[in-house]
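Dear colleague,

Please find the structure below, handed over for your records. A written account of the findings follows it.

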Amino acid sequence: LIGKIQPPIDFRPQALQALTKLNLPECGISSLPDNLGAYLPNLSILFCPKNSFEELPAAIGACPNLQMVSFKSNGMKRIH
């Protein structure tokens, strides 16, 4: 799969730290890693529509530059 992504994605830690926007639609995910902020310290926009989140992930609180989020169509039950 990774070889078919155009352009190729650089998964080295320093490349991830430069990431500012992340869009994860319809990935079937229900959680985010607790250390999200450590890996993506410059993340400012996070979209996770049409996944399986039941609550807003606490991990987004550790992203110091996060300004915009969307968890549309996830069936959220709780927001902390």
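Buried residues make up 22% of the 80 residues in the chain, where buried means a relative accessible area under 20%, exposed over 50%, and partly exposed in between, with a 1.4 Å probe and protein chains only. The model is a predicted one: local features need pLDDT of at least 70, side-chain atom pairs count only at pLDDT 80 or more, and totals for chains, interfaces and linings use all residues. Residues are numbered from 1 along each chain as its sequence is written, and side-chain values use heavy atoms, with hydrogens and water left out.

The chain has 2 helices and 3 strands, in the order α-β-α-β-β from the N terminus. Helices (H or I, at least four residues) and strands (E, at least two) are DSSP runs, numbered from the N terminus. Of the contacts in the chain with a separation of 6 or more, 39% are between residues 24 or more positions apart; a contact means heavy atoms within 4.5 Å.

L40 is buried, with a relative accessible area of 7%, and touches L16, L19 and L22, leaving aside residues up to four places away in sequence. The C-alpha atoms of L40 and A18 are 7.3 Å apart, although 22 residues separate the two along the chain. S44 is also buried, at a relative accessible area of 16%. Not counting residues up to four places away in sequence, S44 touches T20, N65, L66, Q67 and M68. Between S44 and L19, 25 residues apart in sequence, the C-alpha to C-alpha distance is 8.6 Å.

L40 also belongs to the lining of the second largest pocket, together with L16, L19, L22, L24, C27, S31, L32, P33, L36 and Y39. On a 1 Å grid over the protein atoms alone, a pocket is an open set of points where a 1.4 Å probe fits, with protein on both sides within 12 Å along at least five of seven lines; lining residues have an atom within 4 Å of a point. The space in this pocket is about 170 Å³, a volume being the space filled by probe spheres set on the points, which are joined across faces, edges and corners. The lining divides into 10 nonpolar residues, 1 polar and no charged. Here Ala, Val, Leu, Ile, Met, Phe, Trp, Tyr, Cys and Pro count as nonpolar, Asp, Glu, Lys and Arg as charged, and the others, Gly among them, as polar.

The loop between β2 and β3 holds several of the remaining findings. N51 is found in this loop and is buried, with a relative accessible area of 9%. A polar atom of the N51 side chain lies 3.2 Å from the backbone oxygen of C48. Residues up to four places away in sequence aside, N51 touches L24, P25, E26, C27, G28, I29, S73 and N74.

The side chains of E55 and R78 are joined by a polar contact of 2.4 Å. A polar contact is a pair of N or O atoms within 3.5 Å; within protein, one must be able to donate a hydrogen and the other to accept it, and residues adjacent in sequence count only if both atoms are side-chain atoms. E55 and R78 are 23 residues apart in sequence, and their C-alpha atoms are 4.6 Å apart in space.

The structure holds 1 aromatic pair. F53 and F71 form this pair, which is edge-to-face, at 5.0 Å centre to centre and 80 degrees between the planes. Because F53 lies in the loop between β2 (45-47) and β3 (68-70) and F71 in the segment after β3, the pair ties together parts that are 18 residues apart in sequence. Rings of Phe, Tyr and Trp (its six-membered ring) pair if their centres lie within 6.5 Å; planes under 30 degrees apart count as stacked, over 60 as edge-to-face and the rest as tilted. F53 and F71 are both buried.

Two backbone angles complete the account. Most residues other than glycine have a negative phi. K50, in the loop between β2 and β3, has a positive phi of about 55 degrees although it is not a glycine. S73, in the segment after β3, has a positive phi near 60 degrees and is likewise a residue other than glycine.

With kind regards
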